[in-house]
Amino acid sequence: MSGLFISFEGIDGAGKSSHIEGLAQAFRDQGRRVTLTREPGGTALAEKLRALVLNDAMDPLTEALLMFAARRDHLLQVIEPALARGDVVLCDRFTDATFAYQGAGRGFDLDVLSQLEQWVQRSDALPPGELRQPQLTIWFDLPPEIAAQRLAGARAPDKFEEQPVEFFRRVADGYASRAAQSPQRFARIDAARERHLVWQQITSVLVRRGWLAIMVATPPGSPA
Ligand code: TYD
């Protein structure tokens, strides 16, 4: 079986996590091996970088470089080997997050981000010039005001979560621009809807692509 690389994106509070777990289970139930991972993070080194970049103040270039440094290690150590084995790789955030948060949110130069993307996402497994990108990006889209309500009081916020709603409006616009540039890769999910309706949207995308065989009615593991 050939590997499958799916990323999950959206502003903080969009509700990705529980659905990613559910999808991992749905793929396993259909006999697929799943690598469940996240960015920044996914390796010992990248998790150390995550702790720094999510908590320490730094200038935007340093922040972008650390995101891509973590990504390079993650690609080499985890994502490429998993795809070579034929796993389904479910990755909680990838490069679109850098364009949305560091680019649109912080206002950092998008051309520099594109350059870094060119360097970091090269792969020996791909023809020269091709970059490693997710085959599908599930984009949890919802208004920043609703996300802020969902996040309020949930836990101690990290450096990004404590940003004002205007920051997340820019991040959301950043995701919308990325989606417009790669409409085949992005699947927009209306994340403001009830949980089971969000799940339904996600599974129907995967069924349509032929990657899940059947509609899974409720997220595996959720109460009947
Ligand atoms: P997140 O994925 O939301 O994890 P958790 O649910 O544990 O909070 O947190 C990662 C944060 O990092 C999120 O606020 C977005 C930010 N981020 C960037 O700013 N740039 C990036 O390239 C990535 C991958 C994440």
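1. The side chains of Glu-9 and Tyr-175 are joined by a polar contact of 2.6 Å. A polar contact is a pair of N or O atoms within 3.5 Å; within protein, one must be able to donate a hydrogen and the other to accept it, and residues adjacent in sequence count only if both atoms are side-chain atoms. Glu-9 belongs to strand β1 (residues 4-10), strands being DSSP runs of E of at least two residues and helices runs of H or I of at least four, numbered from the N terminus. Glu-9 is buried, at 0% relative accessible area (buried means under 20%, with a 1.4 Å probe and protein chains only).

2. This is a predicted model, in which local features need pLDDT of at least 70 and side-chain atom pairs count only at pLDDT 80 or more, while totals for chains, interfaces and linings use all residues. Residues are numbered from 1 along each chain as its sequence is written, and side-chain values use heavy atoms, with hydrogens and water left out.

3. The shell around the ligand comprises six nonpolar, two polar and nine charged residues (Asp, Glu, Lys and Arg count as charged; Ala, Val, Leu, Ile, Met, Phe, Trp, Tyr, Cys and Pro as nonpolar; the others, Gly among them, as polar). Helix α4 gives the largest share, four residues.

Key:
Buried < 20%, exposed > 50% of the residue type's maximum accessible area, 1.4 Å probe, protein only.
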